[in-house]
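Let me put the model up on the screen, and then I'll walk you through a few spots in it.

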Amino acid sequence: MKNRVSSILFALSIFGGVAHAETYTEVNATLTFETDLLETQDGASEVLASLEKQAARHCRKVSGVAVGLVVDEVCAKDMLFQAVNTIADPKLTAAYADSALYVETVSDRMQLAGL
């Protein structure tokens, strides 16, 4: 059975370059994971990988510089941080601490949004 974690985010995605006015977009997402996987460290690592992919998918934006969609890394890191903290599982938290996407707190964008 899947358990759902809702993360309502005001991840402010910046579009355009320095010469353009910054445009911010609110990102709302629901991430899903298998609760049974959190019983083992390997399972928690699998949950983390799934959460990372879901966060990246929700934080895609059209790039004026690159062709196609790119992932807003700040948005993805903020979303992952909130998901791991909301789930509050020790094994998942340990896997997250070793992740390349680990951050100690949300970005300035999230703090400005009041989250």
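This is a predicted model: local features need pLDDT of at least 70, side-chain atom pairs count only at pLDDT 80 or more; totals for chains, interfaces and linings use all residues.

Let's start with L92. Leaving aside neighbours within four places in sequence, L92 is in contact with L38, A44, V47, L48, L51, V84 and I87, and contact here means heavy atoms within 4.5 Å. L92 sits in helix 3 and is buried, with a relative accessible area of 0%. For that word, buried is under 20% relative accessible area, exposed is over 50%, and partly exposed is in between, using a 1.4 Å probe and protein chains only. L92 and Q41 are 51 residues apart in sequence, yet C-alpha to C-alpha they are 7.5 Å apart in space.

Residues are numbered from 1 along each chain as its sequence is written, and side-chain values use heavy atoms, with hydrogens and water left out.

Now the overall layout. The protein has four helices and four strands, and from the N terminus the order is β-β-α-β-β-α-α-α. Those are DSSP runs numbered from the N terminus: helices are H or I with at least four residues, strands are E with at least two. Of the 115 residues, 38% count as buried. Among contacts with a separation of 6 or more, 57% come from residues 24 or more positions apart.

So what's in the middle? The largest nonpolar core has 25 residues, and those with the most contacts inside it are L38, L48, L51, M79, L80, L92 and Y96. By nonpolar core I mean a set of buried Ala, Val, Leu, Ile, Met, Phe, Trp, Tyr and Cys residues joined through side-chain atoms within 4.5 Å. Strand 2 (27–34), helix 1, helix 2 and helix 3 (90–97) each put in at least two residues. Which of them gives the most to this core? That's helix 2, with eight residues.

Not counting residues up to four places away in sequence, Y96 touches L48, K77, L80, F81, V84, L101, Y102 and V103.

Next, look at how helix 1 and helix 3 pack: the angle is about 60°, with the axes 8 Å apart. The axes are lines fitted to C-alpha atoms over the stretch in contact, and angles run from 0 to 180 degrees between N-to-C directions. On the helix 1 side you have Q41, A44, S45, V47, L48 and L51, meeting K91, L92, A94, A95 and Y96 in helix 3.

Now for the cysteines. There's one disulfide in the structure, joining C59 to C75 with S to S at 2.0 Å; the cut-off for calling a disulfide is a pair of cysteine sulfur atoms within 2.5 Å. C59 lies in the loop between helix 1 (41–58) and strand 3 (60–62), and C75 in helix 2 (residues 73–87), so the pair ties together parts that are 16 residues apart in sequence. Both C59 and C75 are buried.

Last stop, V71, in strand 4 (residues 69–71). Buried or partly exposed? V71 counts as partly exposed, at 30% relative accessibility.
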